[in-house]
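I would like to take you through the charged pairs, the core and a surface patch of one model.

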Amino acid sequence: NVAAFAVALGVLLTPAIEAQLSKALGKMTDRQIDLLDDHVLVLGYGDLTEPILEELAVRDGVEYAVVTPDETAAKRLTDRDVPVYTADPSDVEPLERVHIEGARAVVVATNDDARDALAILTARQLNPDVRIVAAVTQRENVNKLRRAGADQVISPTTLGGHILIDCAFGADSADATEGILDDVDLDG
C-alpha cells in the first residue's frame, strides 16, 4: 500500500514539480513545447523583443515562443508566462526542440547582427519554407542578413527616421507610420 501510494503521489506531483522547476530555470515545460504548432518563434532577446511580444500578445490565436541564451531575460519572460526556451537560437537542437518545422514565422531581432545571421542560417536550414523576418542593427548589414536567408530585413533606425521627419512636417504619427509602411523600402 505504501509503495502504491508513493507511485500515485509521484505521478500526480511530477507535472507540478516539472512546471515549477521549468519556471525557476526559465524553460518551457515539455507540455508547452508539445503544444507548439503554427506558431511564431522569436529568436534572441534585444531592444525590440518587448514590442514584438506586445504585438504578438494582442493577436488572437497566435502562439509564440522565445528562444534566448539570456537566462535573466528568460526568467523575466517566464515570470510573465511568456513561453521561453533558454538556449542559443543559432544551434540546431533548440530550434528542433521548439518545433521550427511547424512554425508559421520566425522573427530575429537581437542587438547583434552577426548572431542574428547565424540564427537565420540555422532556421533556414531546418525549415526552408518558413517566413523569416529580421531587424538589422547596422544598416550596412541588410544584404548580409538577406543572404543568410531572411525574407524581409527591416532597419528600425531608417524606419524611425522616416517617421520622425513625417511627424516634423505635420503628419499624425499614425498617418506617418501608415505612409511609411506603404511607400518606404523597409529594407534600409
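I begin with a pair: D151 and R124 form a salt bridge, their closest N and O atoms lying 3.0 Å apart. The term salt bridge here denotes a side-chain nitrogen of Lys or Arg within 4 Å of a carboxyl oxygen of Asp or Glu. Because D151 sits in the loop between α7 and β6 (152-154) and R124 in helix α6, the pair ties together parts 27 residues apart in sequence. Helices (H or I, at least four residues) and strands (E, at least two) are DSSP runs, numbered from the N terminus. R124 counts as buried, at 18% relative accessibility, whereas D151 is partly exposed at 36%. Buried means under 20% relative accessible area, exposed over 50%, and partly exposed in between, with a 1.4 Å probe and protein chains only.

Before continuing, a word on provenance. This is a predicted model, in which local features need pLDDT of at least 70 and side-chain atom pairs count only at pLDDT 80 or more, while totals for chains, interfaces and linings use all residues. Residues are numbered from 1 along each chain as its sequence is written, and side-chain values use heavy atoms, with hydrogens and water left out.

The structure holds four salt bridges. Another of them joins the side chains of R80 and E50, at 2.8 Å from N to O. This pair links distant parts of the chain, 30 residues apart: R80 is in the loop between α4 (71-79) and β3 (84-86), and E50 is in helix α3 (residues 49-57). R80 is partly exposed, with a relative accessible area of 44%, and E50 is partly exposed with 21%. There is also a salt bridge between R59 and E55, with 3.0 Å between the closest N and O atoms. R59 is partly exposed at 47% relative accessibility, as is E55 at 40%.

Which residues have the most contacts inside the largest nonpolar core? They are L41, L43, V106, V108, I120, I132 and L145, in a core of 25 residues. Such a core is a set of buried Ala, Val, Leu, Ile, Met, Phe, Trp, Tyr and Cys residues joined through side-chain atoms within 4.5 Å. Elements supplying at least two residues each include β1 (40-43), β4 (105-108) and α7 (142-148). Helix α6 gives the most, with four residues.

Finally, the surface: D91, E93, E96 and E101 form a negative patch. Patch members have over 30% relative accessible area and no salt bridge, like charges being joined within 9 Å and nonpolar side chains (Val, Leu, Ile, Met, Phe, Trp, Tyr) within 5 Å. E96 belongs to helix α5 (residues 92-97) and is partly exposed, at 43% relative accessibility.

Methods
Areas by Shrake-Rupley, 256 points an atom, 1.4 Å probe, with all protein chains shown as cover. Lys, Arg positive; Asp, Glu negative; His and termini not counted. Charge placed at Lys NZ, Arg CZ, Asp CG, Glu CD.
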